[in-house]
Amino acid sequence: MSEMISGAEGLIKSLLSEGVDMVFGYPGGAIISVYDKLFDYQDKIRHILVRHEQGAIHAAQGYARITGRPGVVIVTSGPGAANVVTGLSDALMDSTPLVVISGQVASAFLGTDAFQETDVVAMTQQITKWAIQIRRPEDIPDAVARAFYIASTGRPGPVVLDIAKDAQIGMMEWQHKTCDYIRSYNPMPHVDSADVLEVAELLNNAKHPLILSGHGVAISNAEEELLQIAQTADIPVAATLLGLSTINSDVPQYKGMLGMHGNIGPNIATNKADVILALGMRFDDRVTGDAKKYALAPKIIHVDIDPSELNKNIKVFKAINADAKSFLSSLALFIKPNKHDEWNKLFEQCDKVEYDEVIMPEVHPNSGKMKMGEVVNAVTKAAGKGAVCVTDVGQNQMFASRYFKYSAPKSFISSGGLGTMGFGLPAAIGASMGAPDRTICLFVGDGGLQMTIQELGTIMEHGAKVKIVLLNNNFLGNVRQWQTLFFHSRYSQTHMLNPDFVALAAAYAIPGEDVTSREDLPAAIDRMLSHDGTYLLNVDIDASDMIFPMIPAGGTVDNIMLNENKKFSL
Amino acid sequence: MDKELFTVSVFSENTVGLMSQVTIIFTRRCINIESICASECSIPGVHKWTITAWSTREVMEKVVKQIEKCVDVIRAFLLTDDDIVYQEVALYKVSTALLIDEPHLESIIRTHGARIIDVTREFTVIEKTGHYRETQALFEELKRYDIRQFVRSGRVTVTKSNREYVSEYIEEQKIRAERQKKS
């Protein structure tokens, strides 16, 4: 018989046996026993004390996205658990593996409105992959093993373990438990060779093939297989927002980003292709615009590990329930060398228009205040190969995603599905913790930064290295843009009176500087990048800067605005 | 598109909280659940629920996939009345005095194939099993007299298929587990 230990200690031993060496959290009354035991295991598990639980969960998301391993969060009951709700919803939408451990009142008090009691399982069931309450210490090892298995397999997602106080305090005989099988859960669908052959045939015979690369390609680590297929058959590849960095920006077959503010070529090509291979993506409305009129001509092959995504938003020619990597590695064997010179011309034509009408004035303006695109462009050039782009949400996100250059897998971290402002700073902290050797560039607006700005304290205490590029226009820029375009320039509640951000950072011992002129930008970026640690650039941005091209919400993917007054046509 | 009545058959583990997880999938899409009925089925440890709802096939196919996505759900099926044998039960509480005083009631109970399952001095409980229209028809007739209480259950169903898909699935999963252990 092994020795008796508390549920709290059992939890920590189970985390260790899952390979956890870092957790993000915030202590409180209903989780204090776990924190007491963490004290004994400080040399094995590094605890990042955040300043708000929302910061913990977004940091864990950043960590998970860059490492591919589940991010672990520990919070207390009631408000502690309630504060991670946004992050859970975000992680579910963006298929991010998380294991969130929340303390809960003692089981005798459940359902009595006890102090700091909230029904965490009921509250989180709809925004998690799995949520369970644990009331007995002996149930902890099994639950932790299942939690990690569920969070990290199939379509990854967040899992909640709500552990009652008495289960933390009670004694148990700890045993190492693993989980690689659940009867009701089959995360790895079988790849059917007939499907592979059929798709190979379709692609080999296609005149105008197009690959749409989504987050599933990154999650399944299928970047090499994608590149091989794209290069062998000379198939243009477009990425969804979260599919960015699944293929390097300088690969000739890479044609840019899809969607509302994506590149013109991929959006136009969507309606002109004859075969589309959509990989690990979900035809979100920001990608499709009007789904009823989306890609009516091409035969769409949709490969996704989540069967509920197939034929959900759009009806496809062929739906294949498979893991992107397993499918692509089989498909690669049957893809024949090919050339699509004539088809590639379409992208060249679109690119030329986009460069002249949109990119050139955005990235190389001659006068006026600085633009977001030119700042992102300058940062990505200076940051060099392997740098990671983390964004907040809004214009900063769209400019960063468009103008950053991706030269390695897992180089883009952003809140895609939920669009959570305040995601950026904590996610960048988590990314820096997960990949301390990579250059983490955060692009964030003045609105989003202030939603989780308290995490500057986390940086001060734990030494994350984040290059914070604050694209500051003193406006909620994306809403402002919509107000300009669709609401007669009535700027209702989008202007912000902002603090002195550099002084604020300095209060947290974080160096930084204001950049107000274009001439000062390159040197300031160099100082930021060469500083060994977090550095803040507060860049004074033209508030009238708008993100284009733009497909207005509900429009069709070939109805593209080049600017306020001009539509795209070839 | 016209709505029709669908039956969703869900086979699941017996987990606390799964019911709300499944029903909220209907709620999210503003679908009213007509009836719901759950019990352990012939496979040990597996619970079967029968849910009925009015909707379109296109929507219900998505709902069923989202139900099946729940980790603790083993399988979920979308069925129409042609696919299943189904039954409901209804109880009717009338006053015993009425039963004695009203000579037609005896023949109504007889023609509807209903039966009396409890009698006290005060009230009598009549039970009728059948499809909705059958239990409803008896209700309409009794309503003309005086009916104290009326209640109808959700439907229970078995499929007409010659194959037992859930048993087959569970067998396949056992093979998957074995294969996984070996590798």
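**Exercises on domains and cores**

In chain B, 6 residues of domain 1 are in contact with 4 residues of domain 2, where contact is defined by C-beta atoms, placed from the backbone, that lie within 7 Å. The model is a predicted one, in which local features need pLDDT of at least 70 and side-chain atom pairs count only at pLDDT 80 or more, while totals for chains, interfaces and linings use all residues. Residues are numbered from 1 along each chain as its sequence is written, and chains are lettered from A and ligands numbered from 1 in the order in which they are written.

**Exercise 1.** Describe the side of domain 1 of chain B that touches domain 2 of chain B.

*Solution.* Begin with the bounds, which come from an automatic or database domain assignment: in chain B, domain 1 covers 4-79 and domain 2 covers 85-156. Taken over C-alpha atoms, the centres of these two domains of chain B are separated by 30 Å. Next, look for the elements that give two or more residues to this side of domain 1, which are β2 (33-40) and β3 (47-55) of chain B; strands here are DSSP runs of E with at least two residues, and helices are runs of H or I with at least four, numbered from the N terminus. β2(B) gives the most, with 3 residues.

**Exercise 2.** Work out how domain 1 and domain 3 of chain A meet.

*Solution.* Chain A is divided into domain 1 (4-173), domain 2 (193-345) and domain 3 (369-540). Between the centres of domain 1 and domain 3 of chain A, taken over C-alpha atoms, there are 29 Å, and the contact takes 24 residues from domain 1 and 27 residues from domain 3. On the domain 1 side, β2 (22-25), β3 (46-49), α3 (53-67) and α5 (85-93) of chain A each supply at least two residues, and α3(A) gives the most, with 11 residues.

**Exercise 3.** Find the residues that touch the most other members of the largest nonpolar core.

*Solution.* A nonpolar core is a set of buried Ala, Val, Leu, Ile, Met, Phe, Trp, Tyr and Cys residues joined through C-beta atoms within 7 Å, and a residue is buried if 20 or more other C-beta atoms lie within 10 Å of its own. The largest core has 200 residues, and those touching the most other members are A:Val73, A:Leu161, A:Cys441, A:Leu442, A:Val469 and A:Leu537. Helix α7 (residues 140-152) of chain A provides the largest share of this core, 8 residues.

Note on methods:
Two residues are in contact if their C-beta atoms, placed from the backbone, lie within 7 Å. A residue is buried if 20 or more other C-beta atoms lie within 10 Å of its own, exposed if 12 or fewer, and partly exposed in between; C-beta atoms are placed from the backbone.
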